[in-house]
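Biologist: Could you take me through a single part of this model, slowly and closely? I would like to know who sits beside whom there, and by what rules you decide.

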Amino acid sequence: MRAYERLVRYVQVHTASAEDTSVTPTTQRQFDLSRLLAKEMEELGMEGVFVDEHAYTYGFLPATPGMEDKPCIGLIAHLDTIPDFSGENVKPALVENYDGGIIPLGESGRVLDPEQFPHLKGLIGHTIITTDGTTVLGADDKAGIAEIMTACERVIAERIPHGRIAVCFTPDEEVGHGARLLDLERFGADFAYTVDGGEANEVNCETFNAAGALFEVKGFNIHPGSAKDQMINAALVAMEINAMLPSAERPEHTEGHEGFFHLTSISGTVEKAELRYIVRDHDAATFEAREKTLRQIEKFINEKYGAGTVKLTIREQYRNMIEKLRENMHVVELAEQAMRDAGLEPMRVPVRGGTDGAQLSFRGLLCPNLGTGGYCCHGPHEHASAQEMDRVTNVLLGILRLNVE
């Protein structure tokens with residue numbers, strides 16, 4: 001079975017995670033895909049197949065005879081789709097032998113236009129899997145799951161020599177929980193790769209340093225007719241806080257290694273207001289400076305309006321995994337050689353986000369990220385190339401081969 005055929009099946013299982021809950025998984029529906037995958041792994045002949053109470057799904061291929069001393073490679077992808085755009089009732093569609101033109105997305109009125117998405121010009125002749133324009137596709141990250149499963153199937157069917165292979169499909173990556181409860185002892189990998197988004201020749205060994213920031217503003221409400229020198233309008237203070245951040249350092253104005261402050265929500269009345277941000281930067285020193293800027297704003301506002309007017313809470317989320325990979329680049333170079341062997345020119349791209357691999361690298365499991373051949377994730381224009389998915393599958397097989405040579 002080709003990887004895209006698995007993808008078409010997997011995306012029809014609703015697995016969106018949820019924000020603002022500490023339970024793992026954040027949604028019980030993620031177990032639906034966990035159980036489907038566990039059954040499929042058992043049918044393939046994988047060993048130690050196990051779904052734990054948090055929906056982490058494990059499966060293993062023991063080393064072929066004579067390869068027991070080779071490193072154990074881990075392959076990881078995530079089960080969930082984003083919580084803030086529908087992943088329910090996904091209706092995947094196939095565009096075979098793509099001709100380079102505009103692709104309508106069902107009856108939604110949305111289209112994939114190569115003028116808007118120039119990478120489509122490189123997919124002429126491919127089979128493209130799209131949405132109907134009303135949901136995400138779920139290639140992030142069910143394409144990664146499909147490629148890992150297909151690689152395992154081929155290892156078994158083609159009797160490809162390999163060291164021990166450890167597979168894990170994780171819940172809740174989209175809400176930052178994905179690697180937190182992965183049982184590294186059970187997994188037993190010496191190093192690993194997440195297979196999660198991006199072009200087939202992408203290798204990601206840099207992520208943002210990341211934090212979430214919450215400003216809670218306490219106002220003082222009084223009749224506006226007698227408000228002079230007494231009223232503190234929390235909503236206006238919130239606007240003042242946001243205006244103190246550099247407008248050029250927002251996501252819509254940054255790229256590459258440039259960091260940002262991103263206002264994700266704002267709400268408020270005269271009495272109280274809240275601002276929520278995510279803060280991102282690849283450079284550790286600049287990231288710390290961004291946090292310092294937020295604290296200086298808190299100090300300024302409390303000095304201006306009175307102690308307790310604003311409370312700032314900063315919660316660090318993940319760190320840039322290059323800090324751990326920098327001295328262990330052989331893990332990245334192995335993947336790059338496998339890409340060359342598969343006819344691809346590897347491209348190191350800094351992730352303008354995070355991956356399970358960032359958390360895992362800091363937990364002691366080196367884990368760069370590989371692309372999947374999926375595009376435009378997190379929205380109705382999400383799509384994937386069947387041929388690119390085949391290439392990623394071949395890259396995974398190449399990594400396994402190189403590991404034992």
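Modeller: V217 stands opposite V310 in β14. Please keep in mind that this is a predicted model, where local features need pLDDT of at least 70 and side-chain atom pairs count only at pLDDT 80 or more, while totals for chains, interfaces and linings use all residues. Residues are numbered from 1 along each chain as its sequence is written, and side-chain values use heavy atoms, with hydrogens and water left out.

Strands (E, at least two residues) and helices (H or I, at least four) are DSSP runs, numbered from the N terminus. Two strands count as paired if DSSP finds at least two bridges between them. L214 shows both contacts: its bridge partner in β13 is R276, and in β14 it stands opposite T313.

Step back, and you find an open sheet of four strands, ordered β12-β13-β11-β14 with antiparallel pairing. Because β12 and β14 stand at the edges with a single partner strand each, one side of each lacks a neighbour in the sheet. From one strand to the next the twist averages 15 degrees; axes here are lines fitted to C-alpha atoms (for helices, over the stretch in contact), and angles run from 0 to 180 degrees between N-to-C directions.

Helix α5 (residues 234–243) lies across β11, β12, β13 and β14 and runs at about 15 degrees to β13. Helix α6 (residues 284–305) also lies across β11, β12, β13 and β14, at about 165 degrees to β14.

How enclosed is β11? Eight of its 10 residues are buried, so the rest of the structure largely encloses this strand; buried means under 20% relative accessible area, exposed over 50%, and partly exposed in between (1.4 Å probe, protein chains only).

Rings of Phe, Tyr and Trp (its six-membered ring) pair if their centres lie within 6.5 Å, with planes under 30 degrees apart called stacked, over 60 edge-to-face and the rest tilted. F208 and F260 pair edge-to-face, 5.4 Å centre to centre with 85 degrees between the planes. F208 sits in the loop between β10 (202–204) and β11 (209–218), and F260 in strand β12 (residues 260–268), 52 residues apart, linking distant parts of the chain. Both F208 and F260 are buried.

Terms used:
Contact means heavy atoms within 4.5 Å.
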